Amino acid sequence: MSLSYRIAYVFLRNLYSYKRFVLPTFLVSLVEPVFYLVTFGIGMGAYMGAFGGKPYLDFLVPGVLASTAMMSASFECLYGTFVKIVHERVYDSLVATPVSADDAVAGDIAWGSFRGLVSGGLMMIVALIMGVVPAAAWRAAVLVVFMVLVGVLFGSLAMIVTSVSPSFDFFNYYTELVITPMLFFSGVFFPLDNFPAWMKVLAEFLPLTHAVRISRAVFTGATAPGLGWSLALVVAITAAAFLVSIRMMRKRLIK
Amino acid sequence: MATLVKAAGLTKKYGDLVAVAGIDFEIAEGECFGFLGPNGAGKTTTVRMIHCVSPVTAGTLTVGGLPSGVDNRALKMITGVIPQEINLDNDLTVEENLIIFARFFDIGRREARARIAELLRFVELEAKASCKISDLSTGMKRRLLIARALINRPRLIVADEPTTGLDPQARHLIWQRLRQLKTQGATLVLTTQYMEEAQQLCDRLVVMHQGRILKEGTPSRLVEDEIGREVIEIRTPPEGDGRILEHLAGFGCAHERVGDTLYIYCRDGHGLMKKLLELDLPNTLNRPATLEDVFLKLTGRSLHE
């Protein structure tokens, strides 16, 4: 492992490149939460009654914060990184400088996490405007930190997929077979309580389930059973995925 | 002169494929050293090991006394790479490409600004500073690659086929700049398939083929030793070879038949041409021997793909 402060330089490179796409990506990142919160929250929520004494939106928002961070970070480290390796050959020029391949990959994961945070942050702002607020102001700050962690987690997992991907098409397996199902079986849109026992067990194997559980507990202030366990698991998977992704990308980049 | 790069038994394998098969060479500080060879000869693989982006499979390779390795940031700090493929950052402008690269080398903001202005002048791109990369011609892109490679004021410059795909004007401009860098004291490592380029730039060179070094020397020495001074090309059907060679037996020249042409390598082209006139052949050409003759003689004339 050859990591250094140069991770920041790679992040900076992405920031420079991002300047040109800020407006379109902000628009997309804004439209998405509005779409989620309006259709699911208001449209569907009207039929759902109260969730533990609160409107459905209060249940939905913390879940969607985690899933949005997941989506943005994943896509950035799948498509974004792949383009930089194969099409634009940015990595080729990077590794010939004192920036190591490991720095480059870590910098891109950090970037993916940042993109997740931007999307999640915009979502939070829209939610605040709609009157869905965390139980206390400091909880919003904790959520911001947590979204960074969620971004690193799913950015690293996506990076592992990218490290073995021969082409764009390969990403469909991951997004359609892993990411999309995870979105629906992790308690983002509805509680897992009514699932049969085996599905509940299955859900415990999905990292997003734990991310959503933590996000919701932080947002609402209501503790949930197994919260400490969830946090430990998220941290452990993040660390493992990060290390594995750097190792595997190294194999792809250095020949 | 002090040795800057030293390789002994340098080997690179990709699985079962041997790309570089145990080669030895030394590059002196301040010289321009060329790697010549057909596609797949192992030139690029060799220079990639020199500038620390490809791990050495076996043997030793040192630059400035330090062993080359992918995590050797100290060596990367003193090396500038002009890559074969144009890998400029298309999301960034000309100037931003250089700003970011300056960061990669820990160059401070103010220092970077000064160097960038100087380098853009050096490669004649001052007017393009805020252009997008996609608005540049291939020649401009190649020049920007040179500027980018120089941002850290490298002691060692590695240029991997730096003029591929350029028109003569652009090519000559790049040659001039590379020569200028050498006079400023940089060590230049060059790979090329263009014999003229090698002759123009290299103090010494090696001819590589199938991962091995076939010959080493100065360009003129190699031509002299391998070919002689002059070449006579006779375009004639092979049936007549016996008669021609018998006629020229007194000169003791080497010859080679390739397709429709009989090549005769000699020192006394004038005398030989005179003698040839007696045969009244329709299509004969007498020219000085070049590095290209050496290259083709050493690496063969069949296609390398």
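**Domains, sheet and hairpin of chain B**

In chain B, helix α10 (residues 269-277) lies across β11, β13 (261-266) and β14, and runs at about 25 degrees to β11(B). Contact here requires C-beta atoms, placed from the backbone, within 7 Å; axes are lines fitted to C-alpha atoms, for helices over the stretch in contact, with angles from 0 to 180 degrees between N-to-C directions. Helices (H or I, at least four residues) and strands (E, at least two) are DSSP runs numbered from the N terminus. The model is predicted, with pLDDT of at least 70 needed for local features and 80 or more for side-chain atom pairs, whereas totals for chains, interfaces and linings use all residues. Residues are numbered from 1 along each chain as its sequence is written, while chains are lettered from A and ligands numbered from 1 in the order in which they are written.

The strands of chain B form an open sheet of four, in the order β12-β13-β11-β14, with antiparallel pairing; strands pair if DSSP finds at least two bridges between them. At the edges stand β12 (254-258) and β14 (284-288) of chain B, each pairing on one side only. From one strand to the next, the twist averages 20 degrees. Strand β11(B) (residues 230-235) is joined to the antiparallel β14(B) by five bridges, and B:Glu230 stands opposite B:Pro288.

Chain B is divided into domain 1 (3-223) and domain 2 (228-288), with bounds from an automatic or database domain assignment. Their centres, taken over C-alpha atoms, are separated by 40 Å.

Nine bridges connect the antiparallel strands β1(B) (residues 3-14) and β2(B) (residues 17-28). B:Lys13 has B:Val18 as its bridge partner. Two residues lie between the strands of this hairpin, where B:Gly15 adopts a positive phi near 60 degrees.

Conventions. Contact = placed C-beta atoms within 7 Å.
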